[in-house]
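Please look over the sequence and the model shown below before reading on.

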Amino acid sequence: MEIEVKSKDENEIVFIVHNAEVPFINAIRRIAMMEVPKIAVEDVNVIINDSAMFNEVLAHRLGLTPLISNAKAIEGMVMAEECDCEEYCPKCSVSLTLKKTGPGIVYSKDLASTDSTIIPVYDTIPLLKLKEDENVDLEAVAKIGIGENHAKWMPTTVCAYKQYPKITFNEDAEVNYDLADVCPRNILKSDRRSKKLKILDIENCSMCKTCMRADENDYIDIGYEKNIFIFTIETDGSMPPEEVLLKACDVLSDKADKIIEFSK
Ligand code: SF4
Ligand SMILES: [Zn+2]
């Protein structure tokens with residue numbers, strides 16, 4: 001198997017995997033979404049909430065506020081159910097407090113964390129609005145969890161693959177230059193000088209087959225390369241996408257080890 005990175009930034013990685021099978025790629029996709037641990041607010045102890053927002057809605061909003069959960073931040077922490085403490089402890093949870101007086105909008109940056117490495121990813125997520133002299137005072141307890149249990153623990157916002165597109169032209173049919181105008185992604189370009197259609201960016205082809213449907217003389221054919229995949233992982237900023245991929249591979253490897261152990 002070979003992997004070629006096409007693009008990478010803070011929150012998104014796009015890579016091409018050669019010589020892989022669908023079950024393997026799909027297992028990585030599902031684990032990356034559902035089984036890579038991340039920190040999110042699980043319990044909220046509301047002391048004062050004078051705002052018009054119900055406590056439940058506020059707690060839900062806090063739960064969905066992404067918190068930094070990279071490997072450095074969660075190093076040494078354990079899942080709450082694996083911890084031997086009664087309720088919360090620094091090994092399994094992080095406390096964030098929110099104390100503000102109105103008027104004004106309360107933002108994610110107003111959450112004060114007991115751990116300087118575990119803070120909201122973005123400062124400007126609006127949490128609630130306070131009128132003159134209204135107060136909010138609460139403690140939000142964040143814990144490690146996995147997406148299988150709640151979407152707030154999913155580190156990925158996009159985690160998808162597609163098979164590598166394959167565009168072929170029927171040399172015996174008449175060149176259909178009009179197909180260049182039909183493609184919604186501008187993949188095709190008519191080149192009357194060399195009497196053919198050119199493919200501009202095959203990886204951007206969505207395999208929608210709009211061109212095939214508009215092609216009456218079967219000049220174009222859209223297929224896919226069987227064992228080549230274009231994989232995209234985008235995160236909510238809580239951890240870098242390559243960390244999600246690495247962790248997903250670790251989880252899959254652990255599962256394989258368990259099967260090997262069981263089969264001995
Ligand atoms: S399959 Fe869709 S995106 Fe791909 S070349 Fe044809 S029309 Fe364009
Ligand atoms: Zn604990």
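Two strands are said to pair if DSSP finds at least two bridges between them, and strands (E, at least two residues) and helices (H or I, at least four residues) are DSSP runs numbered from the N terminus. This is a predicted model, in which local features need pLDDT of at least 70 and side-chain atom pairs count only at pLDDT 80 or more, while totals for chains, interfaces and linings use all residues. Residues are numbered from 1 along each chain as its sequence is written, with chains lettered from A and ligands numbered from 1 in the order in which they are written.

- I39 stands opposite I144 in β8, and V46 has L138 in β8 as its bridge partner.
- Strand β8 (residues 135-145) runs antiparallel to β3, and the two are joined by 10 bridges.
- Strand β4 (residues 93-101) is likewise antiparallel to β8, with 9 bridges between them, and here S95 stands opposite V141 in β8.
- The open sheet has 4 strands with antiparallel pairing, in the order β3-β8-β4-β6.
- Because β3 (38-49) and β6 (112-113) stand at the edges with a single partner strand each, one side of each is left without a neighbour in the sheet.
- Strands of a sheet pair through backbone hydrogen bonds, either parallel or antiparallel.

**Overall form of the chain**

- The protein chain contains 6 helices and 12 strands.
- Its radius of gyration, taken over C-alpha atoms, is 25 Å, whereas a compact globule of 264 residues would have one near 18 Å, by a rule of 2.2 Å times the number of residues to the power 0.38.
- Along the principal axes, the C-alpha atoms of the protein chain fill a box of roughly 75 × 60 × 25 Å.
- Of the 264 residues, 27% are buried, a term that requires 20 or more other C-beta atoms, placed from the backbone, within 10 Å of the residue's own.

**Domains**

- The protein chain is divided into domain 1 (2-34 + 157-168 + 199-207 + 219-232) and domain 2 (38-153), with bounds that come from an automatic or database domain assignment.
- The C-alpha centres of domain 1 and domain 2 lie 35 Å apart.

**Ligand 1**

- The residues surrounding ligand 1 include C183, C205, C208 and C211, as well as R185 and K209, where a residue counts as near if its C-beta atom, placed from the backbone, lies within 6 Å.

Methods
Buried ≥ 20, exposed ≤ 12 C-beta atoms within 10 Å, placed from the backbone.
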